[in-house]
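Look at the structure first, then work through the points below.

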Amino acid sequence: MTQEVRGVVARTKDAPVETTTVIIPDPGPGEAVVRVQACGVCHTDLHYKLGGISDDFPFLLGHEAAGIVESVGEGVTDVKPGDFVVLNWRAVCGQCRACKRGRPWYCFDTHNAAQPMTLADGTPLSPALGIGAFADKTLVAAGQCTKVDPKAAPSTAGLLGCGVMAGIGAAINTGSVGRGDSVAVIGCGGVGTAAVAGARLAGAARIIAVDLDPRKLDSAAALGATHTVDAREQDPVEAVRELTGGFGADVVIEAVGRPETYKQAFYARDLAGTLVLVGVPTPEMTLELPLLDVFGRGGALKSSWYGDCLPSRDFPMLIDLYLQGRLDLDAFVSETIPLDGIEDAFAKMHRGDVLRSVVVL
């Protein structure tokens, strides 16, 4: 059997998204149907819509979501109908070389639902990051469902599905920020501001937020930045060094994904410091650095993919911290919108007017 639901689809990169009928099949082995309650509007969805990730149109957009498991397929034991879950785009396999070495957050064989969701005419849809949650319901691999405390609001909990987890994880998991460390975050959109919050959770003593937009710097300050640097008025490298006794930060998190800001992050860290790239570059970008500087400065140059998170470990922990009042996830929700408000939300995101617009269904 199948179900007809509403979903937001990008048919081509040149046309606005549209709300249309989407056909959801019953879950097969290892799959689950989830009734979506809320889904954040992420830059990755815009990249899909513009053809920046692949040309496998039409796309069913949305991936930063929370909802209720409606039904499960054969062999599914980790979740059951009625469970409140956050969706993740890394369902670890448990069998690859990374999983077998006890590093499942690096899983090389993450998987999605085997069956396609389709348009009413039978055209298969490509779900964004294997999820496709700008819809009343979606079909996913059961491993993409992470059960969390249902006391958390869906509009808040769903943010862990992508951007907030990426930023917090960049600080805690990839950057290994520790008590008393100095941290600089270059780029304070949703991911960068989450990195600020993660550094605060980890006990960093000095957290320096760097951006071109004073509104984003204000948001970063509200979530834990001890100092802010307006990159329109100050050189970020000089400013970070001045705020760290002339040395540079122990950990610098680059949340923009551009060669210029990566170089700033590289030189803004202390000798033997750590640089974490969590901003997503585009395919044509290249980087050139003096190899002697790479050698001579020491330390670590890391990339953080999804905050090096393990959803089954990290999502419940962060929801618990939120419910305890120790992590202000509500601060990331700039507005809630209906399903047909996504095109406007993309425009607001592009202008930097919001941290997150969240679709509530």
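By class, three nonpolar, two polar and two charged residues make up the lining of the largest cavity. The model is predicted.

**The cavity**

- A search of the whole structure turns up one cavity of 30 Å³ or more.
- The volume of the largest cavity is about 30 Å³.
- Its lining is formed by E64, L159, G163, V164, G190, V191 and R356.
- Two helices stand out in this list: α4 (163–174) and α5 (190–202) each supply at least two residues of the lining.
- The charged residues in the lining of the largest cavity number two. Find E64 and R356 among the lining residues; Glu and Arg both count as charged.

**The second largest pocket**

- The second largest pocket has a volume of about 380 Å³.
- It is lined by 20 residues, and D78, A142, G143, C145 and S312 are the closest to its centre.
- By class, its lining holds eight nonpolar, eight polar and four charged residues.

**Elements around the pocket**

- Which elements each supply at least two residues of the lining of the second largest pocket? They are the strand β10 (145–147) and the helix α10 (311–323).
- Strand β10 gives the most to this lining, with three residues.
- C145 is one of the residues closest to the centre of the second largest pocket, and β10 covers 145–147.
- S312 is also among those closest to the centre, and α10 covers 311–323.

Definitions and conventions. Residues numbered from 1 in each chain as written. Predicted model: local features only at pLDDT ≥ 70, side-chain atom pairs only at ≥ 80, totals over all residues. Heavy atoms only, no water. 1 Å grid on protein atoms, 1.4 Å probe; cavity = no way out; pocket = protein on both sides within 12 Å on 5 of 7 lines; lining within 4 Å. Points joined across faces, edges and corners; volume = space filled by probe spheres on them. Helix = DSSP H or I, 4+ residues; strand = E, 2+ residues; numbered from the N terminus.
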